[in-house]
Amino acid sequence: MNETASRMRFDQDVGKIGDRLLGVRGWKLYSKEFPVLDVGFQAEGRTELRVRLVATNWNDEPPSVELLDKDGTFLTGPKIPQNSGNVFHTDNHHLTGRPFVCMAGAREYHTHQNHVGDLWDNYKRRGGYDLGGIVTQLWKVWQKCTP
């Protein structure tokens with residue numbers, strides 16, 4: 001996809017993430033500058049989790065999803081939220097060398113040897129797989145994790 005079209009689609013998606021939604025969900029917006037959407041999940045009694053979606057070639061390719069602490073440092077195995085049903089994967093991804101998100105809609109999922117047959121093309125036109133939808137899915141998983 002050309003960069004102009006990718007940027008337009010990115011801006012359209014992140015434009016739907018407004019102040020009201022951020023407040024209601026307890027999200028902190030760190031960045032929404034193409035190609036990065038960086039959102040922190042916050043709640044009382046919980047450790048903040050940041051998810052940074054790097055959406056180069058959006059939406060011909062799914063975004064890469066990086067798991068970060070509140071300071072923007074990559075999370076390591078022991079700091080990954082627990083009991084996520086293997087969505088927040090503590091093992092290192094073979095391409096990034098870091099813990100990763102194992103969920104349809106994340107580049108690491110679709111490039112993992114166990115899921116290469118589950119193509120992004122099967123999801124990208126479905127509801128809930130725009131950038132805000134992917135962040136929402138991750139937030140819902142985080143809410144179910146051990147605080």
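A network of salt bridges links D38, R50, R52, E66 and R98. A salt bridge here is a side-chain nitrogen of Lys or Arg within 4 Å of a carboxyl oxygen of Asp or Glu. The model is predicted: local features need pLDDT of at least 70, side-chain atom pairs count only at pLDDT 80 or more, and totals for chains, interfaces and linings use all residues. Residues are numbered from 1 along each chain as its sequence is written, and side-chain values use heavy atoms, with hydrogens and water left out.

The structure holds nine salt bridges. In one of them, D38 meets R50, with N and O 2.5 Å apart. This pair links distant parts of the chain, since D38 sits in strand β2 and R50 in strand β3, twelve residues apart. Strands (E, at least two residues) and helices (H or I, at least four) are DSSP runs, numbered from the N terminus. D38 is buried, at 4% relative accessible area. R50 is buried as well, at 8%. Buried means under 20% relative accessible area, exposed means over 50%, and partly exposed lies in between (1.4 Å probe, protein chains only).

E66 pairs with R52, and their closest N and O atoms are 2.9 Å apart. E66 lies in strand β4 and R52 in strand β3, so this bridge ties together parts 14 residues apart in sequence. E66 is buried, with 13% relative accessibility. A further salt bridge joins K124 to D121, at 3.2 Å between the closest N and O atoms. K124 is buried at 13%, whereas D121 is partly exposed at 47%.

E108 belongs to helix α3, residues 107-111. E108 is buried but has no salt bridge; R98, the nearest side chain of opposite charge, is 5.8 Å away. For charge, Lys and Arg count as positive and Asp and Glu as negative, while His and the chain ends are not counted. The E108 side chain does reach the backbone nitrogen of V65, at 3.0 Å. Contact means heavy atoms within 4.5 Å. Leaving out residues up to four places away in sequence, E108 touches P63, S64, V65, H93, T96, F100 and V101.

The largest nonpolar core has 38 residues, of which L37, F41, F88, V101 and L138 touch the most other members. Such a core is a set of buried Ala, Val, Leu, Ile, Met, Phe, Trp, Tyr and Cys residues joined through side-chain atoms within 4.5 Å. At least two core residues come from each of α1 (3-14), β2 (36-41), β3, β4 (64-68), β6 (100-101) and α4 (131-144). Helix α4 gives the most, with seven residues. In soluble globular proteins, nonpolar side chains tend to be buried together.

F41 contacts G26, W27, E48, L49, V51, V135, L138, W139 and W142, neighbours within four places in sequence aside. L53 lies in strand β3, residues 49-54. L53 is buried, with a relative accessible area of 0%. Beyond four places in sequence, the contacts of L53 include P35, V36, L37, L131, I134 and V135. L53 and K32 are 21 residues apart in sequence, with C-alpha atoms 9.5 Å apart.

The whole structure has zero disulfides, a disulfide being a pair of cysteine sulfur atoms within 2.5 Å. The sulfur of C102 is 14 Å from that of C145, the closest cysteine sulfur, which is too far for a bond. C102 is buried at 16% relative accessible area. C145 is also buried, at 3%.

Notes
Polar contact = N/O pair within 3.5 Å; in protein donor to acceptor, adjacent residues only side chain to side chain.
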